[in-house]
Amino acid sequence: QVQLVESGGGLAQPGGSLRLSCAASGSVVRRNDMAWYRQPPGKQREKVATITRGGNSNYADSVKGRFTISRDNAKNTVYLQLNSLKPEDTAVYYCIPVVMYRDKWYPQGSWGQGTQVTVSS
């Protein structure tokens, strides 16, 4: 059973920064393409960023230029650096392995508990 543990969320002011971490069991990160998703209150979960095993990254338009996804295979951890935060970034953030099928990414396995990010003054 793959375990994903997200951490690093909290309360930030608009314009502030946070760094999220996702620690996975086994060699999940090393063996998979990974992604961060988020679920704003009352809305559906949406994909924020992906990073391939080769280190290629891709971002949702809403976070491009502000968020950075990275990975440390040796630590089996994926990170999401959140800069220039906006109130609309408020959400629960999740990481998960993903696979691409017909040019679309699909989450694989079970979701972790996520980490809450709240952006407010």
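Tyr 106 is found in strand S10, residues 104-107. Strands here are DSSP runs of E with at least two residues, and helices are runs of H or I with at least four, both numbered from the N terminus. Tyr 106 is partly exposed, because its relative accessible area is 34%; buried means under 20%, exposed over 50%, and partly exposed in between (1.4 Å probe, protein chains only).

This is a predicted model: local features need pLDDT of at least 70, side-chain atom pairs count only at pLDDT 80 or more, and totals for chains, interfaces and linings use all residues. Residues are numbered from 1 along each chain as its sequence is written, and side-chain values use heavy atoms, with hydrogens and water left out.

**Surface patch**

**Aromatic pairs**

A search of the whole structure finds two aromatic pairs. Rings of Phe, Tyr and Trp (its six-membered ring) pair if their centres lie within 6.5 Å; planes under 30 degrees apart count as stacked, over 60 as edge-to-face and the rest as tilted.

| Pair | Centre to centre | Angle between planes | Type |
|---|---|---|---|
| Tyr 37 and Trp 111 | 5.1 Å | 85 degrees | edge-to-face |
| Tyr 94 and Trp 111 | 5.7 Å | 70 degrees | edge-to-face |

Tyr 37 lies in strand S4 (residues 33-39), and Trp 111 lies in the loop between S10 and strand S11 (115-119), so their pair ties together parts that are 74 residues apart in sequence. Tyr 94 lies in strand S9 (residues 91-101), so its pair with Trp 111 ties together parts that are 17 residues apart in sequence. Ring pairs link Tyr 37, Tyr 94 and Trp 111 into a cluster.

How accessible are the members? Tyr 37 is buried, at 7% relative accessibility. Tyr 94 is buried too, with a relative accessible area of 11%. Trp 111 counts as partly exposed, at 31%.

**Charges over rings**

Arg 45 lies over the face of Tyr 94, 4.4 Å from the ring centre. Arg 19 lies over the face of Tyr 79, at 4.0 Å from the ring centre. The test is NZ of Lys or CZ of Arg within 6 Å of the ring centre and within 35 degrees of the ring normal.

**Ala 24**

Ala 24 lies in strand S3, residues 18-24. Its relative accessible area is 15%, so Ala 24 is buried. Not counting residues up to four places away in sequence, Ala 24 touches Gln 3, Leu 4, Val 29 and Asn 76; contact means heavy atoms within 4.5 Å. Ala 24 and Pro 97 are 73 residues apart in sequence, and 9.8 Å apart in space, C-alpha to C-alpha.

Phi of Arg 102 is near 50 degrees, a positive value in a residue other than glycine. Asp 103 is not a glycine either, yet has a positive phi of about 65 degrees. Arg 102 counts as exposed, at 72% relative accessibility. Asp 103 is exposed, at 72% relative accessibility.
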